[in-house]
Amino acid sequence: MGLAGFEVEVQRETDGVLATEDMTLSMGPQHPSTHGVLRFVVRADGEVMKEAIPDIGYLHRSIEKIAEKVGWHGFMPYTDRVDYVAAMPCNQGWAMAAERLAGIEVPKRGEYCRVIATEFSRIHSHLLSVGSMAMDIGATTPFTHAIREREYINDLIEEVCGARLTFNYMRIGGVAWDLPPAWREKALAYIDRFEPLIDEYDRLISYNKIYVERLAGVAPITPEDAIAWNLVGPNLRGSGVRFDVRRDEPYSVYPELEFDVPVGRGELGTLGDCFDRYIVRMREMRESCRIIRQCLRQLPGGAVLAKVPRNFKPPAGDCYVRVESARGDMGWYVVSDGTSFPYRVKIRTGSFAAISMIQKLSKNLMIADLIAVIASLDLVAPEIDR
Amino acid sequence: MQQLVDSLFSGPPPVPLWLCYLAAMLLFGGIVVFGFVLPMAGTTTWVERRIAGRIQSRLGPNRTGPAGFLQWLADGIKSVLKEDIVPTHADARLFKLAPYVVMSGFVLAFVAIPFGGPLIIADLNVGILYVTAVTSLVVVGILMAGWSSNNKWSLLGGIRSAAQIVSYEIPAGLSIFPIVMLTGALSMQSIIAGQGWQPWSWNLFYSPFTFVAFFVFFVSALAEGNRTPFDLPEAESELVMGAFTEYSGIRNLLFFMAEWGNLYVIGAIVTTLFLGGGHIPGEARLADAPLLRVPLQFVAFFLKSYLWVIVAIWLRWTLPRIRVDQMMVMCWKYLVPIAFVNLIGTALWMVFFPPALEPVVRALLTAATVLLLVGFVRRIRFHLRHARLRRMDLSFNPLSTASVPR
Amino acid sequence: MPGLDAAAIHARLAARFGDAVGALEGARRDNASATVAPAALVAVCRFLQTEDALAFDCLSNLSGVDYPKRNVIQVVYNLYSYRHRHPFALKVDAAREDPVVPSVAALWPHAEWQEREVFDLLGVRFEGHPDLRRILMPEDWPGHPLRKDFVEPEEYHGISTSRESLLKA
C-alpha cells in the first residue's frame, strides 16, 4: 500500500547553499504507541511536523455488514468488538436501537443493571485511557497502577457475565443475567477502595510539572471547532462544551440519577488542550463512582429481561439512537425491513471524528506532541474502522 | 598501581619495565572490566527490574534464581545465542561498529574511575577531564547506530540523542569546574584527598554554590546517559528504541550494558567530586593494615555510588519524559546560566569568604540537608498511609453454585 | 425536551423550500426525517445550519443505505443542534446505477471523512468533495462492500479470500 494516495508534495527548499527537504515518515501500523492499528504519514521538518495524515482501515472488519447476516439477537457479541475497550455501552446502543424499533420496554431492574455495567465499563475504559496516555508521555508507572485497578473491575464483571473484555452481557429487552448474590457488597467495597485512588493518581502524575508541561497548551481545540468536527464525549467536554448524552438526551434510568458533567476549563493552559481532555476523564471516573453507588442503593427487584421473541422481527422503520460511551456519543442508525435480519446498521463513533481532526491539529506540532494528541483524544482503532 | 608494579620487583626486572606496566594495566583492566564492570552492569539490570516492579505494584523477575537474580545471566545468554540480523540496506560496517564505539566510550571511563582508597587503574593527572572526554565517545557511537540503521526513526533518535548529550556536556563540565577550582587539581585521587569521611567535610557542603553544582551535575549526567526524564532519544512510545531499534542479540546487549553501566559511572563521579569518595572513619589508624582498610574503603565508595544508581532508577520509573525543545530550553536557558553563576560564585567565595566561617557554612548546609531528608521520609510515610491499599480478593469461584447463570 | 420539535422544524423547511422537501416521516424524536431532492441538499443544509432557531451545528451521522428494490441508494444525514438540543434527519435518494449527491463538506468539516466512507462502502460520488477517495478499504479494492449485491472477489493480490470449511468430512 505504501504511499499510494498520499502523494505529498515534498518541498525542497534551497536557502542559500543548503538544500533541505521534508522528511516523510510512516508512523505505524506497527508501533508501540498508536492506540490500535493506526497509521500516520508524517511529513516533518526534523522534529516539527508539517502535517500528519491518518491512514485508517487496518482494523476494518465489516461489522456493519455482518449485522445484516447474523440477525438481531446474533449481532450482540459483535457489538462488543466495535469498541472492545468499553464494550458495555456498545451492547446498550444496539439493544436500545432494537427496542426502540419494536417498542419493547426493559424492566427497571434490567435498566439498573445496564447502567451499573456501563458505568463500570466507563471507569474501565478511562483507566486504560489515562494509563496509556501517561505511558505514552513516558511515565510507565501510572499505567501499571491503572491496569491493577482494571483487574478488579475485570473480576467483578467476570462474576456477572463471565467475560473480562467482550461481555455480551446485554440482550434485546434487558440483560442476560441478574447480579449474583453478594456482588453488590463486593462492588461497593471496590468503589470505596477506588475513589481515594483517583486522588493518589492525581498526586502521582496529573499535576506533575513535566506531565503538565507536555500537555498544557498542546493542540487546543476551540468549542466551535469541536462541534464542527463532530468531537464527542470527553474530547468535546474538554473543550468546554457541557454536553452529555446521559443528561441532555436522556435514556435508560439516567433521569433518576444525580451526577455532574465535568468540563475542561483551561485551568493549566489553554481551553481544550490535551490536559483538559485528560483531566475531564479523571473527573468522569469520580462521577461514574457516584452513579454506581446510587444505582446499587436504588436497585429495585424484579426481572432483568423482558419477553422478546426468539425470532425477533421489529416492524419496518429506522431509528437513530445515541448512548454515552466512554469515548462519547455513540450513534446507532438502524434500519429494519420487518425481517429477522437488520437491513442496515451504521455505527457512528467518537474516535472516527477525533482522528479526522488530527490532520488539522498536527500543523506545527512536534512529533512528541502528536503522540500526546493521539493519546488525549483517546483513539481506539476498532471504533474508527469497525 | 604504578607503585604496586614497582614493589613487585626488588631489582631490575627480567623484561623491560614498560612491558611490565603494560601487562599490569591489561591485567587490571581485564579484572575491572570482566570482574566488576560487566557483572555490575548486569546486576544493575536486575536491581532496576525489581525496583521498577515494586514501584509499579508488581513483582519483577522472580523465577530465575532467588528473587530472579539470575535473570540477567539468562538474558545475556539468550542475547548471545540470537540470530545476527543486519538490516538489508543498512550500512553494515558502521552498523556493526557502533556498539563497540559506545562500549569503548563507556569502558574507557573506568581507567580513571577510583574504586575507593588506593584502588584505581591509573590516577591520571587529568583524571576528571579524561573521564568527561571519553564518555563523549558514545555520541559518535549513537550517531553511527542511528544513521547506519537505514531507518528514519532511528535517525531521529540518533540525532536527538546527539543533540542532547552534546548540549548537556556544557552544564556538566561547568559544574565540575567549581570542584576543580576548590581542589586545585584534576586528578581523581587528589579530589578525594581534599575531602574527609565526615559528611560536612565533603565538597558538597563547602558552599551553597557547590551544593547547587551537585544538582546541576546530576541532572546533566542523567541527560547525558539518556535516562528518563531525558530519554526522548529512546522514547519507547515513539521510536521503539530510538537509535537502537534495529539492533538485536549481542549488539543490543552491548548498548544496554553501556547504558546501565553508565549509571554507575555517574554515581562514581558524583561520589568522587561531591561526596568524599571512599573515606572511612578511622582511616589514619588503619594506614598500616591495607587488607582491612582497602575493602572497607571499596565498600564505602561502592555504596555511595550505587545510591545514585538507585536514585536514577527511581526517577526513571516515576517521572514522564520531557520533550526535545523543553529539554533544550532547560539546558541552555536554565542549567547553563546556573552553572556559570556557580562557577563565578565559587571563585568569589574562595577568594572573599573568610576561612574562619567555613565550618559554620558546612555545618549549616549539612543540617539543612539532614532536615530535608527527614521531611522527605515523613512525606513518604504520609503518602503510604494515605494510600490505604489493602489487598482485595474479588475473584469468584467458577465452581460455586451460588450464582448459576440462567 | 428543549428546542423545536420535528414538526416545527419540518414546517420551516417546507415553508422555505416547498416541494424540494418531502413530507415528514417518522413519528418519534429519533427518527423524524424528511426526504430532500439532491439538487436542493446544499441549500437546505445551509439553511438548517445558519438559521438561528434551527442552528444545526453538527452533522452527527452520515450513512448510506442500499435499497435495490427501490433502485436507490439513500444517504441519510442525522443532524443535531448543540445550541438548541434538537435532532433532525434528512434523506436523499440517489439513483443506484450512478449515485451522485452534492457534498456538504464545505458546511461541516467532518463531513469530508463521513462522505469518503459512504463513497468507499457504497459507491456514492459526492460532487464538490475536495478529496474523494477510499478510506477504509485499500485503494485498489474492487467494488463497494456494503451494497446488497456485492460479491467478494476470490482473491486480493494473490491472497485467497475464502478458507476451506473445517467442517467438511
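Chain A has 15 helices and ten strands, where helices (H or I, at least four residues) and strands (E, at least two) are DSSP runs numbered from the N terminus. This is a predicted model, in which local features need pLDDT of at least 70 and side-chain atom pairs count only at pLDDT 80 or more, while totals for chains, interfaces and linings use all residues. Residues are numbered from 1 along each chain as its sequence is written, and chains are lettered from A and ligands numbered from 1 in the order in which they are written.

**Overall form of chain A**

- The C-alpha trace of chain A spans about 80 × 50 × 35 Å along its principal axes.
- Buried residues make up 57% of the 386 residues in chain A, a residue being buried if 20 or more other C-beta atoms lie within 10 Å of its own, exposed if 12 or fewer, and partly exposed in between, with C-beta atoms placed from the backbone.
- Among the contacts in chain A with a separation of 6 or more, 70% are between residues 24 or more positions apart, and two residues are in contact if their C-beta atoms, placed from the backbone, lie within 7 Å.

**Strands of chain A**

- Strand S4 (residues 39–45) of chain A is mostly covered, since five of its seven residues are buried.
- On one side, S4(A) runs antiparallel to strand S3 (residues 23–27) of chain A, to which five bridges join it, and A:Ser26 stands opposite A:Val41; two strands pair if DSSP finds at least two bridges between them.
- S4(A) is also joined by seven bridges to strand S5 (residues 48–55) of chain A, again antiparallel, and here A:Ala44 has A:Met49 as its bridge partner.
- S4(A) and S5(A) form a hairpin with two residues between them, and A:Gly46 in the turn has a positive phi of about 70°.

**Helix H5 of chain A**

- Helix H5 (residues 141–161) of chain A has 21 residues and reaches 30 Å from its first C-alpha to its last, close to the expected 30 Å, which is 1.5 Å times one less than its number of residues.
- The buried residues of H5(A) include A:Phe143, A:His145, A:Glu149 and A:Leu156, and what covers the buried residues includes helix H4 (108–137) of chain A and helix H2 (17–55) of chain B.
- After H5(A) comes A:Gly162, whose phi is positive, near 90°.

**Core and a buried loop residue**

- The largest nonpolar core has 255 residues, and those with the most contacts inside it are A:Val373 and B:Val102; such a core is a set of buried Ala, Val, Leu, Ile, Met, Phe, Trp, Tyr and Cys residues joined through C-beta atoms within 7 Å.
- The largest share of this core, 16 residues, comes from H11(B).
- B:Ala243 lies in the loop between helix H10 (236–239) and helix H11 (250–274) of chain B, and B:Ala243 is buried because 33 other C-beta atoms are within 10 Å.

**Where chain C meets chain A**

- In this interface, 27 residues of chain C are in contact with 32 residues of chain A, and the largest share of the chain C side, six residues, comes from S3(C).
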